[in-house]
Structure formats: C-alpha cells, structure tokens
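Trainee: Could you walk me through this structure, starting with its strands?
Mentor: Gladly, let's look together.

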Amino acid sequence: MSLIGKEVAEFKANAYHKGKFIEVSSEDFKGQWSVVCFYPADFTFVCPTELEDLQEQYAELKKLGVEVYSVSTDTHFTHKAWHDHSPAIGKIEYIMIGDPSHQLSLAFDVLDEEQGLAQRGTFIIDPDGVVQALEINADGVGRDASTLLDKIRAAQYIRKHPGEVCPAKWKEGAETLKPSLDLVGKI
C-alpha cells in the first residue's frame, strides 16, 4: 500500500547532528518540508556517494525551507564514527537518524527484512507531516539528489495553488495545468 497522502507514523529516534546526539520525532516533520533519505548502511560503498551528493544540495534545499534527514539501521553512535572518519560523510550538516530497532524502516516500508537493512528510499514530506512523493531504488542504484529540487518546488507550488497541477519536466515559473473537462483529450 502506498504511503502517498498518508501522515508519517509517530516515532522517536536518536540521531547524530553537528557533533551532538539528539532525539528526533515525527513532530519534527511538522511545520516545514522534509526529505527523509533511507540508505542500507554506514561504512559501505554507494551510500557515502549518495549522502555526500545530498549534502551538496543541502544549502539549496534549506533555501526551499526543507530539512533533510538520513536514516539507516545503524545506531547514532555508528553515524558519529562514520562522520568522524569518512571525508565524504564528514561534510554532512543534516541530521543522521539511527534506526537499529527498524521502527522507521518498517513504518516507511523500506526494510529488507532478510538483510535487516533499509532500502534506498527517498520521501518528500509536507509541513503537515504527509508524504507527497517517494522513490525507492534497488540496492546497487545510487540516487541523484538534484532531482529533489524540482519535485519539492512542484509539491510546494501545488500546495499553494489548489486546483493546479505541474506537468512532466515542470520547472519553477513554467506554465501549470488546471484540470477540467475542457482539457480531456487535448494534451
């Protein structure tokens, strides 16, 4: 069953952020846009390339009012160790949530139960805590964080402009569509 249009389940988890351990909860997703990026494990191969790429987009995401959360089934202690020892991960300024209990991975339906690891899932969550977009990739397929920017801009636009929709390849400032009987069969 899809999580699109559903509110994020209540949770509390420990995280690593800017040299400190913090607690994160589902309440943190409310009042702002959020991106939650699940990945299989710390100290691996594709994962640091993805998280570093996400960091490269972080300033632009912040300009859009978005907070970023990465999540793996590792502990927040492991996140700190990885942050302290990896040049790529050492750059990360966003929140790194530990999910050793698999609570979040199960709630977001990205847990590979055989391996006990999260799949590569990306979720865009609106200020009401509702999932607006998601993407899940196979373990060997890394993600491109730059694609998040247009998706978030489109989601923010339609939130502010009910009754309009953004067509494929929509860019900020481009024309949108207003679904109506007049458009049926004419696009």
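Trainee: How many bridges join β1 to β2?
Mentor: This is a predicted model, where local features need pLDDT of at least 70, side-chain atom pairs count only at pLDDT 80 or more, and totals for chains, interfaces and linings use all residues. Residues are numbered from 1 along each chain as its sequence is written, and side-chain values use heavy atoms, leaving out hydrogens and water. Strands are DSSP runs of E with at least two residues, helices are runs of H or I with at least four, both numbered from the N terminus, and two strands pair if DSSP finds at least two bridges. β1 (residues 12-17) and β2 (residues 20-25) run antiparallel, and the bridges joining them number six.

Trainee: Which residue in the turn of that hairpin has a positive phi?
Mentor: Histidine 17 has its bridge partner in β2, lysine 20. Two residues lie between the strands of the hairpin, and the one in the turn with a positive phi, about 50 degrees, is lysine 18.

Trainee: Which residue in β5 stands opposite tyrosine 16?
Mentor: β1 also pairs with β5 (residues 95-98), antiparallel, over two bridges. Opposite tyrosine 16 stands methionine 96.
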